[in-house]
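Open your viewer and get ready to select residues one by one.

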Amino acid sequence: MTSVLGATQVWWHLARSSGLVAWALSALAVLWGLALSTRALGRRPKAPWLLDLHRFLGGLTVLFVGVHLLGLWADSYVQFDAADLLVPFASSWRPVAVAWGVIAFYFLLAVEVTSLLMKRLPKRWWGRIHLTSYLVYGLATVHLLTTGTDATSRAVFWVVLASLAGVSFFSVYRWVGPGRQGSTGRIAGSPG
């Protein structure tokens, strides 16, 4: 079974596809979080539904990053061991480009774990850690564009560009638009 999987490059394709999906999910989670905090989409759909979707996207991102790491570890094209996948700059294959992904993974874990513990943490600290979601998205984007085999794909380029435009627009809207914090009040269950 293992030799069949190795011969068909299943692990390599699994690593590539799960990495792309994880990046897309992180982008969607950030965009949805911004839509939630700004109410840029209006009052419908209602905020609790948006919050549940935001949490679901974040959880799926962690799941697909796990699949991505498993695929890289199992693949034989580029030999990755646990240290290569978990320690920044430990990989001998494109160490800087891989490190962006490793660091993004740790920020992602911090965001997810503190979100699960949100009710037990001071909101100020939770909010500060949650803002590192921008770092997760940014570092994962750099990782995708510098490491990924699919980085030269036109489709990937346009999707990355569209996500950057969306995150930039909603970020500016959050800070200067009518949905900025304090102007509309907090949404129940959200960090505000």
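Select His-68 first. Leaving aside residues up to four places away in sequence, His-68 touches Ala-15, Ser-18, Gly-19 and His-143. Contact here means heavy atoms within 4.5 Å. This is a predicted model: local features need pLDDT of at least 70, side-chain atom pairs count only at pLDDT 80 or more, and totals for chains, interfaces and linings use all residues. Residues are numbered from 1 along each chain as its sequence is written, and side-chain values use heavy atoms, with hydrogens and water left out.

Stay on His-68. Which backbone oxygen does its side chain reach? It is that of Ala-15, at 2.6 Å. Now show helix H3, residues 47–74, where His-68 is found. Helices are DSSP runs of H or I with at least four residues, numbered from the N terminus.

Is His-68 buried or exposed? His-68 counts as buried because its relative accessibility is 17%. Buried means under 20% relative accessible area, exposed over 50%, and partly exposed in between (1.4 Å probe, protein chains only).

Next, select Val-142. Val-142 lies in helix H7, residues 133–147. Its relative accessible area is 33%, so Val-142 is partly exposed.

Finally, zoom out to the whole protein. Count the helices: there are eight, with zero strands. Of the 192 residues, 40% are buried. Among contacts with a separation of 6 or more, 63% come from residues 24 or more positions apart.

Key
Helix = DSSP H or I, 4+ residues; strand = E, 2+ residues; numbered from the N terminus. Polar contact = N/O pair within 3.5 Å; in protein donor to acceptor, adjacent residues only side chain to side chain.
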